[in-house]
Amino acid sequence: MGGSLVLKILLIPIVGIGLYITFKYIRPMVPIPGFTVYKSSGITVDYPSVDLENKEVIGTVSFKDTKIMKVIVNVQSNYVKVEGSVENTRKGQIDSDYIDMVKNQAEFFIENKISNPKKYYEQFIEADPS
């Protein structure tokens with residue numbers, strides 16, 4: 001009976017330490033189910049010119065309806081010209097992210113012979129049943 005009492009007394013701090021370790025170190029690594037809120041950054045990218053013949057695309061980056069950067073991509077010669085910057089608009093915005101985005105979209109438009117990106121994407125919005 002004396003050993004059983006000692007075991008019970010020792011078990012309390014052992015369980016406490018186990019719970020502490022679980023909630024302090026293990027629980028934060030397990031994702032908690034919930035939801036995500038998507039909020040616009042205020043930055044938009046538009047493609048006013050897609051020249052399929054010369055394989056050249058112009059992308060404009062705007063912040064709150066003000067054009068802040070223009071990216072001209074010639075897919076054939078792999079030429080990229082950038083005017084302006086997004087880095088002074090919002091914290092964490094990097095020019096190279098938007099340059100890569102315009103460059104990738106330019107390659108997509110040229111490869112798929114899409115001369116009017118706005119019309120191309122609107123067809124998917126109209127087809128969305130939701």
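What follows is a list of selections, with what is found at each.

This is a predicted model, with local features needing pLDDT of at least 70 and side-chain atom pairs pLDDT 80 or more, while totals for chains, interfaces and linings use all residues. Residues are numbered from 1 along each chain as its sequence is written, and side-chain values use heavy atoms, without hydrogens and water.

**Sheet.** Select the four strands, which form an open antiparallel sheet in the order E1-E2-E3-E4. Strands are DSSP runs of at least two residues (E), helices of at least four (H or I), numbered from the N terminus; two strands pair if DSSP finds at least two bridges between them. E1 and E4 (79-84) are the edge strands, each pairing on one side only. E2 and E3 are joined by eight bridges.

Next, select H2, residues 95-111. Colour its buried residues (under 20% relative accessible area, 1.4 Å probe, protein chains only): Asp95, Tyr98, Ile99, Val102, Ala106, Phe109 and Ile110. They lie on the same side of H2, because they cover an arc of only 100° around the axis (taken from the directions from the helix axis to the C-beta atoms).

**Core.** Finally, show the largest nonpolar core, of 18 residues (buried Ala, Val, Leu, Ile, Met, Phe, Trp, Tyr and Cys joined through side-chain atoms within 4.5 Å). Val57, Val61 and Met69 have the most contacts inside this core. H2 gives the largest share, six residues.

Definitions and conventions:
The expected span of a helix is 1.5 Å times one less than its number of residues. Buried means under 20% relative accessible area, exposed over 50%, partly exposed in between (1.4 Å probe, protein chains only).
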